[in-house]
Amino acid sequence: MAILIVEDNPTNAMIIKHLARKVTVEEIKVAGDGNTALMLCHAENFEMLIVDHLLPGMSGLQFVKAVRLMDRYRDVPVVMVTADDEPRLREEAKTAGVTDFLHKPVEAVAFRKLLSDHLGAGAVHPELRSA
């Protein structure tokens with residue numbers, strides 16, 4: 001299986017992908033916008049979606065609402081990455097189908113815990129499972 005990162009900022013995408021590679025054994029793909037990500041979701045099965053809140057064209061929330069309409073993504077963990085701490089955003093995101101949140105800047109320890117919580121310890125590199 002694979003993880004899809006939906007992030008329009010190349011630097012942020014590279015950082016999240018780098019953190020993911022250090023933490024997980026899963027394949028990691030990156031899409032720069034919601035439309036590309038939706039096409040990938042139609043073509044492939046992802047085990048987790050990591051979605052930026054602010055995306056060009058289609059917002060992160062719009063993407064989550066659209067992907068949740070697909071049967072195979074109804075129960076897939078969707079993590080929203082945001083620097084926004086507004087309770088209203090979190091409430092809207094939860095209603096749209098967001099499972100969890102990562103706060104920017106993304107920290108390796110929080111990322112590892114999130115992956116382990118949602119994908120199980122098997123998704124985390126063996127040497128990091130007890131860390």
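Helices (H or I, at least four residues) and strands (E, at least two) are DSSP runs numbered from the N terminus. The model is predicted: local features need pLDDT of at least 70, and side-chain atom pairs count only at pLDDT 80 or more, whereas totals for chains, interfaces and linings use all residues. Residues are numbered from 1 along each chain as its sequence is written, and side-chain values use heavy atoms, with hydrogens and water left out.

Five strands form an open sheet in the order β2-β1-β3-β4-β5, with parallel pairing; two strands pair if DSSP finds at least two bridges between them. The edge strands, β2 (27–31) and β5, each pair on one side only. Strand β3 (residues 48–52) is joined to β4 by four bridges, and Asp52 stands opposite Val81 in β4. Strand β4 (residues 78–82) also pairs in the parallel sense with β5 (residues 100–103), over four bridges. There, the bridge partner of Val81 is Leu102 in β5.

The helices may now be considered. The axes of helix α3 (residues 60–68) and α4 come within 9 Å and cross at roughly 20°; such axes are lines fitted to C-alpha atoms, for helices over the stretch in contact, and angles run from 0 to 180 degrees between N-to-C directions. Helix α3 is therefore roughly parallel to α4, a description that applies to angles under 35 degrees. The contact (heavy atoms within 4.5 Å) involves Leu61, Val64, Lys65 and Arg68 of α3 and Leu89, Glu92, Ala93 and Ala96 of α4.

Conventions
Parallel < 35°, antiparallel > 145°, perpendicular 65-115°, else oblique.
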